[in-house]
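Trainee: I would like to go through the charged pairs in this protein. Can we take them one by one?

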Amino acid sequence: MKKMMGSQMLKPFGRATLCLFAAVFLTGCSQPEASREKTSIRIGVSLYRGDDVFINNIRSELEREAKAYERETGIKVNLDIQDAKGSQNTQNSQVERFISLGCDALCINPVDRMDASSIIDQAMTARVPVVFFNRQPVEEDMNRWDQLYYLGVDPKESGILQAGIVEKCYKETPERLDLNGDGVINYVLLEGESSHQDALIRTEWSIQTLKDRGVPIEKLTGGIANWERSQASALMEQWLKKYPGEIELVICNNDDMALGAIDAIDREGASGIGVVGIDGVESGLEAVQEGRMLGTVSSNKEQYARVMFSILADKAMGRELDPELELEHGKYYRCPQSVIEKE
Ligand code: GAL
């Protein structure tokens, strides 16, 4: 009896040990290193709003990158893209679902960049790396874990480059902006969400740079249009009525609001007003080429998505990140931008 029990107890252990040795032997000696890697990865993406034009441009590029990666590596990519529709609670639930589905990495465009803590808590508990983009979480949150990354454009650079478009135009043909020839450019300002780093810093550096470079500007009024074409259009319509013939320049934190301002200018039959944007979205680039916008500051969206996808894929595969990325403090990447003016 005693003997039987002993052999019965040993049997499963013996089999398991044999299997373990066989597995170690097979994988360690006869299979190439790469074949032990995953053959598919799952990445959960949550967008703060699916109807944001710039975010949609980035989304398309990201999808393109994922397809190119599949073609090049043979690794299947499940890109699960969700729209948080402006609700942080919805986004938190999406993150919960991504984790329960076994996502290997998360790509989050936070609704409330000041309130990324629930996302970070969930990701840390499940040990799933996160790449935030476009809406930068506060530093204290970003420093909670070494598997948190942020990708965006440098808003100070966007503001300075935008000012350069106005400066160049004014210095080359002052009458193009100083429409009434009084030596002053009267401008109105269209700003993005008040809590967004890109709105606050772009405005500050655009205006400051123009002043520093001696461009004579004077503000008539300004307002928040939350990045949106229709809100910008409504504000601009009011201003055109309130300041008939006085507005000479519209400085916008993004292209979509610039296009909204142009819609109102067209509706009101005003002409000659200079409009500048930021983003270089497709509709913005067209408006520049058609001469309806003075210029825009375009972020390199292909590179934005390429770098973002490479971090996500490497994290999902459990690989080291490409050292050539040279991430600031090991976690921040700023995508390059350039000025676009009519050729
Ligand atoms: C900004 C961009 C805007 C809007 C916003 C959303 O960087 O310029 O167009 O997309 O992000 O967070």
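**Salt bridges in a predicted model**

Mentor: Arg-202 forms a salt bridge with Asp-198, with 3.4 Å between the closest N and O atoms. A salt bridge here is a side-chain nitrogen of Lys or Arg within 4 Å of a carboxyl oxygen of Asp or Glu. This is a predicted model: local features need pLDDT of at least 70, side-chain atom pairs need 80 or more, and totals for chains, interfaces and linings use all residues. Residues are numbered from 1 along each chain as its sequence is written, and side-chain values use heavy atoms, leaving out hydrogens and water.

Trainee: Is Arg-202 buried or exposed?

Mentor: Buried means under 20% relative accessible area, exposed over 50%, and partly exposed in between (1.4 Å probe, protein chains only). Arg-202 has a relative accessible area of 3%, so Arg-202 is buried.

Trainee: Which helix holds both Arg-202 and Asp-198?

Mentor: Helices (H or I, at least four residues) and strands (E, at least two) are DSSP runs, numbered from the N terminus. The two residues are 4 apart, about one helical turn, in helix α8.

Trainee: How many residues apart in sequence are the parts tied together by Lys-168 and Glu-341?

Mentor: Their side chains meet in a salt bridge, 3.1 Å from N to O. Lys-168 lies in helix α6 and Glu-341 in strand β12, so the pair ties together parts separated in sequence by 173 residues.

Trainee: How many salt bridges does a search of the whole structure find?

Mentor: One of them joins Arg-213 and Glu-167. Glu-237, Lys-241, Arg-267 and Glu-268 are linked in a network. The search of the whole structure finds 22.
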